[in-house]
Amino acid sequence: MSDSDLINLYSGRILELATEIPHQGRLPAPQATVRKRSPLCGSTVTVDLVMAGGRVTEFAQDVKACALGQAAASLLGQVVIGRSAVELAQGRDGLRAMLKDAGPVPPAPFDGFVVLTPARDYKNRHASILLAIDAAAEAAALAEAPAQN
């Protein structure tokens with residue numbers, strides 16, 4: 001990776017996001033908790049959430065990841081409250097397609113992920129970037145599961 005590649009990948013905005021992760025920590029009484037780990041780099045994200053009326057009402061995340069994973073968690077933290085399980089799954093799928101298939105930037109409210117488009121070329125970073133939204137989508141689906149029975 002050349003110096004200019006690193007500068008593009010680790011832009012000032014990415015580094016800023018990595019230092020300002022909303023909803024850090026853990027919830028005292030979550031409805032669902034999901035921990036995701038990237039085996040390639042060892043990054044981990046644990047998500048706790050509570051849902052009411054089909055929407056996320058409380059959210060916390062414990063993020064131990066690289067700057068790109070932290071930036072993705074930061075972007076998720078800015079928009080997760082009020083989202084449904086379906087919206088989180090769509091955001092996850094959109095981000096995955098953007099990274100892995102050179103797809104478009106996910107639609108609002110997940111359009112902030114546009115800052116991660118330079119990471120498309122770095123497949124070894126994709127798993128870390130996807131950890132937070134993967135965990136949030138899974139936790140929301142788990143929290144909703146009892147209501148569907």
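Three strands make up an open sheet in the order β1-β2-β3, with antiparallel pairing; strands are DSSP runs of E of at least two residues, and helices are runs of H or I of at least four, numbered from the N terminus. Two strands count as paired if DSSP finds at least two bridges between them. Because β1 (32–37) and β3 (55–64) stand at the edges with a single partner strand each, one side of each has no neighbour in the sheet. The model is predicted, and local features need pLDDT of at least 70, side-chain atom pairs pLDDT 80 or more, while totals for chains, interfaces and linings use all residues. Residues are numbered from 1 along each chain as its sequence is written, and side-chain values use heavy atoms, without hydrogens and water.

Strand β2 (residues 44–52) is joined to β3 by nine bridges. Among the bridge partners in β3 are V63 for V45 and E58 for V50. The two strands form a hairpin with two residues between them, and G53 in the turn has a positive phi of about 60 degrees.

Salt bridges (a side-chain nitrogen of Lys or Arg within 4 Å of a carboxyl oxygen of Asp or Glu) number 10. One of them joins R26 and D48 at 2.8 Å, N to O. This pair links distant parts of the chain, with R26 in the loop between α2 and β1 and D48 in strand β2, 22 residues apart. D48 is buried at 0% relative accessible area, whereas R26 is partly exposed at 49%; buried means under 20%, exposed over 50%, and partly exposed in between (1.4 Å probe, protein chains only).
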